[in-house]
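Let's take a quick tour of some charged side chains and who they pair up with. Have the model open and follow along.

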Amino acid sequence: MQTSATITQPQPQTLNTSSASHIRIAYFIMIHHKPEVFKDMFQKIYTRDQFYLIHIDRKANAEMTEEIQLYLVHFPNVYLLESMNIVSGGFSMIQAELNAMEYLLNVSLEWDYFINLSGEDYPLKSQNIIRQFLTANNGRNYLFYYDQKFYRPDTLQRIQNHFTELTHKVSSLIYKREFMKGVIPYIGGKWLIFTRETCVFMTNNKRVMDFEDYYLHTLLPAESFFQTVLMNTAFSDIIVNDDKRAIIEKVFFNKEQYSYDFIKSLKSGNQLFIRKVNNKTDKNILQYISDSYLLPLPEVDEVERELKRDSRQNN
């Protein structure tokens, strides 16, 4: 895409050391509203030597779509994925991400990690620090996962019933069916950081197609599809049970104490992004994010943290 001087562009970031020694990230960002929030985030994650694929939901209004398209046309390493109608709770979210992986794999051989974001996410650390972290941990995947039968039996009806995604919703007409034989179902969250090799597997392996065929007719597969596929294959050995996202919860009482505890958790953790930050977010939290943006990540023992999490869940 050609650039133009008529628009304010993100300032390109540069790494403190040679970028050749650092991994490169392919970002996939799904947006459907709040273009200004997206632009603020994009300015923070943009570098000239990485890759950015944007999906604008087909339901987004024409004015917003045009605004985003005009904004992005100025960056040669930014691409637009053909718009899909994303239905909440349906498989379309997964399909868009699989399409994005395939698209980015074809765009370049020179990226190492795939990260999905929404238009309302925000980086907690600079690209320099994020890339240093992934370089030091190259070869690992990051996403939350839990044994669905053991930890979330209340959600099993999502996969044990046959659902159909319609144009604007998931059909309420459902019926029982048997789950995939020999497969342990897992559940977690929508957010992930995958190696390039994982993306190749997800988009080219015939076994994955069996999972696609089944999860096409489940409810909220975005919280379980990738977890179930990867935990039932050899990729289970390289998954870290953490999506590297912090999230601010809605608090109605004791907001000051919550803010203090949340900042304390950020200080001791090594999260890379934060979700749902906006102008209503507590000012102390916003100030901490700004002040710590260029500070190095704390050293965190991933194995020890996982053992502690398992211990808490089993009690």
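How many salt bridges does a search of the whole structure find? It turns up eleven. Keep in mind that this is a predicted model.

**Arginine 131 and aspartate 49**
- These two side chains form a salt bridge, with 3.0 Å from N to O.
- Arginine 131 belongs to helix α4 (residues 127-136), while aspartate 49 sits in the loop between α1 (35-45) and β2 (51-56), so the pair ties together parts that are 82 residues apart in sequence.
- Arginine 131 has a relative accessible area of 1%, and it counts as buried because that is under 20%.

**Aspartate 121 and arginine 275**
- Here the side chains meet in a salt bridge at 2.5 Å, N to O.
- This pair links distant parts of the chain, 154 residues apart: aspartate 121 is in strand β5 (residues 121-123) and arginine 275 is in strand β14 (residues 273-275).
- Aspartate 121 is buried, at 1% relative accessible area, and arginine 275 counts as buried too, at 10%.

**Aspartate 57 and lysine 59**
- The side chains of aspartate 57 and lysine 59 make a salt bridge of 3.2 Å, N to O.

**A network**
- Which residues are linked in a network of salt bridges? Lys34, Glu120 and Lys276 are.

Terms used
Residues are numbered from 1 along each chain as its sequence is written. This is a predicted model: local features need pLDDT of at least 70, side-chain atom pairs count only at pLDDT 80 or more; totals for chains, interfaces and linings use all residues. Side-chain values use heavy atoms; hydrogens and water are left out. A salt bridge is a side-chain nitrogen of Lys or Arg within 4 Å of a carboxyl oxygen of Asp or Glu. Helices (H or I, at least four residues) and strands (E, at least two) are DSSP runs, numbered from the N terminus. Buried means under 20% relative accessible area, exposed over 50%, partly exposed in between (1.4 Å probe, protein chains only).
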